[in-house]
Amino acid sequence: MAGGTGSRLYPLTRITNKHLLPIYDRPMIAWAIEAVVSSGIDEIMLVSGGTHAGEFLRLLGNGREYGIHQLSYAYQEQAGGIAEALGLAAHFAGGDPVLVMLADNVLERSIKPTVDAFRADPTDGRVVRIEEKPEHPASEYCVTGIYCYEPSVFDIVHHLVPSARGELEITDVNNHYVSLGQMAYDVQEGFWGDAGESIDAYYAVNDFVRENGANMPG
């Protein structure tokens, strides 16, 4: 998922999509693609929008340089939320499970253990509640922008109602599974950074990757 206006990174994003900004020695999007490909997934759909969406095609082409076997593109016509963007991938998924990754997430360690755990036993480790931006968090854990879903997720997205801000929220998708007792979790070890959260967060992620790298095995 590489959409959004990138308003929290203004003025850096005034002339480009935030996922094309550099993180150390490559565009931000390249780190997300590396994370997905190194997890064993080589069929990817990139969902973007806005006036700079065509730049992803110029950068990535058919994806072979990045280890992608099949690279598809979808265009989100307006800022309709992450769940709406996910819905655009229904035909691409073709009834198979999907991994959703927000492309401004940068991780120290590989996500392959999470993908392998989902494939082996997607029911292990139940989630009982997700709180959206709580003032006093109930636990020390937070939700990253990385989700594994069964094909049923597209039916859920289809029946979502827009939130107060007019978007289809991925939190509503997740809470639907929580209400059914079907939302499981995995813990991502090591550094995790949301490079699109703020200017300070963007540079903090840059500093970490420059000094330590990202998507390391283990």
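**View 1. Asn215, a buried residue with a positive phi.** At 10% relative accessibility, Asn215 counts as buried, where buried means under 20% relative accessible area, exposed means over 50%, and partly exposed lies in between, as computed with a 1.4 Å probe on protein chains only. Although Asn215 is not a glycine, its phi is positive, at about 55 degrees. Asn215 is found in the segment after helix H8 (199–212); helices (H or I, at least four residues) and strands (E, at least two) are DSSP runs, numbered from the N terminus. The model shown here and in the other views is predicted, so that local features need pLDDT of at least 70 and side-chain atom pairs count only at pLDDT 80 or more, whereas totals for chains, interfaces and linings use all residues. Residues are numbered from 1 along each chain as its sequence is written, and side-chain values use heavy atoms, with hydrogens and water left out.

**View 2. Tyr24, in the loop between S1 and strand S2.** Tyr24 is found in the loop that runs between S1 and strand S2 (26–27). Phi of Tyr24 is near 55 degrees, which is a positive value in a residue other than glycine. With a relative accessibility of 45%, Tyr24 counts as partly exposed.

**View 3. The cis peptide bond between Tyr10 and Pro11.** Tyr10 and Pro11 are joined by a cis peptide bond, for which omega is about 5 degrees. Pro11 itself lies in the segment before strand S1 (22–23).

View 4. The side chains of Lys133 and Glu132 meet in a salt bridge with an N to O distance of 3.4 Å, and Lys133 counts as exposed at 73% relative accessibility. In a further salt bridge, Arg210 is paired with Glu211, and the closest N and O atoms are 4.0 Å apart. Arg210 is partly exposed, with a relative accessible area of 44%, whereas Glu211 is exposed, with a relative accessible area of 60%. Elsewhere, salt bridges that share partners join Asp25, Arg26 and Glu34 into one network.

View 5. A disulfide is a covalent bond between the sulfur atoms of two cysteines. A search of the whole structure finds zero disulfides, the cut-off being a pair of cysteine sulfur atoms within 2.5 Å. The cysteine sulfur closest to that of Cys142 is in Cys148, and because the two are 16 Å apart, they are too far from each other for a bond. Cys148 is likewise in no disulfide, since the nearest cysteine sulfur is that of Cys142, 16 Å away. Cys142 is exposed, with a relative accessible area of 53%, whereas Cys148 is partly exposed, with a relative accessible area of 23%.
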